[in-house]
Amino acid sequence: MRVQVAVTEQLQDYVADVSLREPDVLRELRERTAELPLHLMQISPEEGQFLGVLLKAIGARKAIEVGVFTGYSLIATALALPAGGKVIGLDISEEWATVAREFAGRAGVADRIDLRIGDARESLDALLATEGEAGTYDFFFIDADKENYTAYYEAALTLLRPGGLILVDNVLWHGAVLDETQQDSETTALRAFNARIHHDKRVELSLIPFADGLTFAVKR
Ligand SMILES: C[S@@+](CC[C@H](N)C(=O)[O-])C[C@H]1O[C@@H](n2cnc3c(N)ncnc32)[C@H](O)[C@@H]1O
C-alpha cells in the first residue's frame, strides 16, 4: 500500500499559508504574467521556492535553465545563488525575455543572469563548444519544448559536474502520459524520455509527483 495524501485545493492553500515565502518581486512578476494568455506555463510559487531550497542545499554557483518564459524560475534561481553565482537562461522568445530582464533588474539579480535568445539546442551546442564549460555546472533545469527533452538532458549530462543535479519539469504532463489515446508529439516525447532515463546508469533517479511531475537526476 502507498501512503499518499490527496492534494485538494484546500490542502494546497494550507501549504501556502504555512510555508510560502514568495518575495514581492516574484509576486509582482506572477501578477504581470497572469495577464498573458499562456500564463499557465509559469511554475507555481511553491515550485519556485522549492527550486531555491534545492539550489542552496547543493551549494549551486553555476546553473542553466532551458525555458525561461517571463522569468519566474530564472529569477527564483538567481535569488538563491551566492554572490558571484551565475545562471544561464535559454529561451526562443525575445518578447517574454523582455519581461524577464525587467524583473531581474527589479530583483537586483541582473548581474547573475545571462539570458540567451534562440533555439536552446543551438545555444547549448555553442556552450558545449566553449572550452572549459563541460563538467562545470551544478544545476540544470529543463522546462521548455517537450520534444527536445532528451537532447537537453544529454547536454546537461555533459555540462554538469559529477554530483550536479538535473531537474525536469512536467514529466507527468497532467497525467496524459498514462492515457494511450493521447498520441500528440509532446505526450509521446515525455513517455519516451521517462522510459529512456529509467535505467540510465549515469544518474541517480527520482520522479516526484509534485506539481506536474518533477524528475530529479543526479549525475554520477
Ligand atoms: C513552460 S515555459 C517555461 C516556464 C518558466 N520556467 C517559468 O518559470 O515561467 C516554456 C518556455 O520554453 C520556451 N521554448 C520552447 N521551445 C524552445 C526552444 N526550442 N528553444 C528555447 N526555448 C524554447 C518557450 O518560449 C517558453 O518560454
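Trainee: Which residue stands opposite Phe 140 in β5?
Mentor: Ile 166 stands there, opposite Phe 140. Phe 139 likewise has Leu 165 opposite it in β5. This is a predicted model, in which local features need pLDDT of at least 70, side-chain atom pairs count only at pLDDT 80 or more, and totals for chains, interfaces and linings use all residues. Residues are numbered from 1 along each chain as its sequence is written, and side-chain values use heavy atoms, with hydrogens and water left out.

Trainee: What makes β4 and β5 paired strands?
Mentor: Strands are DSSP runs of E with at least two residues, helices are runs of H or I with at least four, and both are numbered from the N terminus. Two strands pair if DSSP finds at least two bridges between them. β4 and β5 are joined by 5 bridges and run parallel, so by that rule they pair.

Trainee: How many bridges join β1 to β4, and how many join β1 to β2?
Mentor: β1 and β4, which run parallel, have 4 bridges; Val 66 has Ile 142 as its bridge partner in β4. β1 (residues 62-66) and β2 (residues 86-91) are also parallel, with 5 bridges. In β2, Gly 89 is the bridge partner of Glu 65.

Trainee: In what order do the strands form the open sheet?
Mentor: The order is β3-β2-β1-β4-β5-β7-β6, which takes in 7 strands with mixed pairing.

Trainee: Why are β3 and β6 said to stand at the edges?
Mentor: β3 (113-117) and β6 (203-208) each have a single partner strand, so one side of each lacks a neighbour in the sheet. From one strand to the next, the twist averages 15 degrees.

Trainee: Which helix packs on the sheet, touching β1?
Mentor: Helix α7 (residues 149-159) does, and it also touches β4 (137-142), β5 (160-169), β6 and β7 (214-219). Contact means heavy atoms within 4.5 Å. The direction of α7 makes about 160 degrees with that of β5; axes are lines fitted to C-alpha atoms, for helices over the stretch in contact, and angles run from 0 to 180 degrees between N-to-C directions.

Trainee: What describes the packing of two helices?
Mentor: Two packed helices are described by the angle between their axes and the distance between the axes. For α7 and helix α8 (residues 185-198), the axes come within 9 Å and cross at roughly 35 degrees. On α7 the contact is made by Tyr 149, Thr 150, Tyr 153 and Glu 154, and on α8 by Leu 190, Phe 193, Arg 196 and Ile 197.

Trainee: How do you know that the span of α8 agrees with its 14 residues?
Mentor: The expected span of a helix is 1.5 Å times one less than its number of residues. That gives 20 Å for α8, and its end C-alpha atoms are 20 Å apart, so the two agree.

Trainee: Why is β4 called largely enclosed?
Mentor: Buried means under 20% relative accessible area, exposed over 50%, and partly exposed in between, with a 1.4 Å probe and protein chains only. In β4, 6 of the 6 residues are buried, so the strand is largely enclosed by the rest of the structure. β5 is mostly covered, with 7 of its 10 residues buried.

Trainee: Is Thr 77 buried or exposed?
Mentor: Thr 77 has 2% relative accessibility, so it counts as buried. Its place is in helix α4 (residues 72-80). Leaving out residues up to four places away in sequence, Thr 77 touches Leu 51, Leu 55, Ala 63, Glu 65 and Val 87.

Trainee: Is Ala 211 buried or exposed?
Mentor: Ala 211 has a relative accessible area of 52%, so it is exposed.
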